[in-house]
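Colleague: Hi, could you walk me through this one? I have a few quick questions.
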Amino acid sequence: MPSTLIESSRLNAPTLHRLANGLTIVAEQMPIEAVNLSLWTGIGSAIETDDINGIAHFLEHMIFKGTARLQSGEFEQQIEQRGAVTNAATSQDYTHYYITTAPQDFASLAPLQIEVVLNAAIPDYAFERERLVVLEEIRRSEDNPRRRTFCRSMEAAFDRLPYRRSVLGPASVIEQLKPQQMRDFHATWYRPQSITASVVGNLPVEQLIDIVANGFATAQSTPYQSTTSYSPELPDCSPEAPFTTIDRHDYSDSSLQQARLVMMWRVPGTADLSQTYALDILSSILGGGRTARLVRELREERGLVTNIAVSNMTYMRQGLFYISAQLPIENLTVTEEAIAHHIHSLQTEPITDAEIGRVRTLVANRYIFGNETPGDRASLYGYYQAVLGDLTLALDYPTRIQSLDQADLQAAAKQYLSPEAYKVVVLKPLA
């Protein structure tokens, strides 16, 4: 299949290549003595039903437990012997696996990574052993105040969408999962047509593509065959309606020394990406650095909060505009009122040119800093191609941010953020 050179800024010049088996390869030569191969699939916890919630993350663990060709631990041994590194991550909308190697080792190590991802054996004995590891990870996450606050907030933010659930899944589900369920899940979703291979490093683009393509051809020569017919019943992922009132959820948490305050608005996700850029800017204006509005007033000047952060969380099906603060319990009411006042100001008062300029500089610098290594670029390309299906969106982001003006930002604030309709979650320490 033909390759396409994606033209963009002088920083980026990736080549997009699609194979007959459905695999998408994004490749770029970069004059740094390393090569990163990231295998991305747009499959994460959001695609799970409640009865298998956590299986995508559990599978991430099992990928490294061997195949018919490779014994458990053999892949990691080969990686370590050559001083390379490997890791993986599972989120709501994706799972990705990567290796970073020296250029001279890439041709020998890349096929091994492809083999373990595509042909995971998922043996019963390793499944039972790794189940205990995942259960311990769930227990540790439940002991983490920050994770607990986030999980409470997501449960409150969504009534139906699968983003309300933990990526790790509940212990009760993990305890009941069967190895065959995971084999069927893997056989259904881990196919070349569902994978983007993003490869960046100091080898010619043609060589990078050939190594990856040949690795998949070899791995596919003995593909795993599921023993059962598996037709997944996908959850309803249509967006939920915006909040129409202030809806409160209060909790007590004996482990906390200070209270936690979270305020959230349902906003567009990456499926409606054009609507997210202004919200990204607004989140930086409110919480991006010490001079941002909420940080400056509530932490630096008034001392109401110990910490405050703002994020425009762009999940695929829907996003959340998310403001979180750590603060003394006696400051909860005044802090919430101050945040609501700032949201009102975004709707009624023009954002200054200085603030917009600061955010534009911040975005431009972050984009440059996020392009410095092969791993940075491979992750950027892999996410946008695998999850959004459009690589050019990754390269156009700074330009899109630069094009927005005061009117655009004010319109977005009026449309999506309201000082009179949001979800608020409060966790209070026990007296």
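Modeller: Happy to. One cut-off to begin with: a residue counts as buried when its relative accessible area is under 20%. Also keep in mind that this is a predicted model.

Colleague: Which residues make the contact?

Modeller: From H1 there are Ile55, Ala56, Phe58, Leu59 and Met62. H7 brings in Gln181, Met182, Phe185 and His186. By type, the contact of H1 with H7 has 7 nonpolar residues, 2 polar ones and no charged ones.

Colleague: Nice. Switching to strands: how many residues of S4 are buried?

Modeller: 7 of the 7 residues of S4 are buried, so the strand is largely enclosed by the rest of the structure.

Colleague: Which residues of S4 sit on which side?

Modeller: In general, side chains in a regular strand alternate between the two faces of the sheet. For S4, one side has Val35, Leu37, Leu39 and Thr41, and the other has Asn36, Ser38 and Trp40. Both faces are covered, and all of these residues are buried.

Colleague: Which way do S4 and S6 run, and how many bridges join them?

Modeller: They run antiparallel, joined by 7 bridges. Trp40 has His96 as its bridge partner in S6. S4 also pairs with strand S7 (residues 195–201), again in the antiparallel sense and over 7 bridges. There, Ser38 stands opposite Ser198.

Colleague: What about Tyr383 and Tyr384?

Modeller: They form an edge-to-face pair too, with 5.4 Å centre to centre and 90° between the planes. Tyr384 is buried because its relative accessible area is 13%. Trp40, Tyr94, Tyr383 and Tyr384 form one aromatic cluster.

Colleague: New topic. In what order do the strands of the 5-strand open sheet come?

Modeller: The order is S8-S12-S9-S11-S10, with mixed pairing. S8 (246–253) and S10 (307–314) stand at the edges with a single partner strand each, so one side of each is left without a neighbour in the sheet. On average, neighbouring strands of this sheet are turned by 15° against each other, direction ignored.

Colleague: How many bridges are there between S9 and S11?

Modeller: 9 bridges join strand S9 (residues 259–267) to strand S11 (residues 319–327), and the two run antiparallel. Val267, for instance, stands opposite Gly319 in S11.

Colleague: Which strands does helix H9 lie across?

Modeller: Helix H9 (residues 277–287) lies across S9, S10 and S11, running at about 175° to S10.

Colleague: Now the loops. Where is Leu304, and what is it in contact with?

Modeller: Leu304 is in the loop between helix H10 (293–301) and S10. At 10% relative accessibility, Leu304 counts as buried. Neighbours within four places in sequence aside, Leu304 is in contact with Leu298, Leu327, Pro328, Asn331, Val334 and Thr335.

Colleague: Last one: what is the phi of Ile122?

Modeller: Most residues other than glycine have a negative phi. Ile122 has a positive phi of about 55° although it is not a glycine. Ile122 lies in the loop between helix H3 (106–118) and helix H4 (124–142), and at 0% relative accessibility Ile122 counts as buried.

Terms used:
Residues are numbered from 1 along each chain as its sequence is written. This is a predicted model: local features need pLDDT of at least 70, side-chain atom pairs count only at pLDDT 80 or more; totals for chains, interfaces and linings use all residues. Side-chain values use heavy atoms; hydrogens and water are left out. Helices (H or I, at least four residues) and strands (E, at least two) are DSSP runs, numbered from the N terminus. Buried means under 20% relative accessible area, exposed over 50%, partly exposed in between (1.4 Å probe, protein chains only). Rings of Phe, Tyr and Trp (its six-membered ring) pair if their centres lie within 6.5 Å; planes under 30 degrees apart count as stacked, over 60 as edge-to-face and the rest as tilted. Contact means heavy atoms within 4.5 Å. Ala, Val, Leu, Ile, Met, Phe, Trp, Tyr, Cys and Pro count as nonpolar, Asp, Glu, Lys and Arg as charged, and the others, Gly among them, as polar. Two strands pair if DSSP finds at least two bridges between them. Axes are lines fitted to C-alpha atoms, for helices over the stretch in contact, and angles run from 0 to 180 degrees between N-to-C directions.
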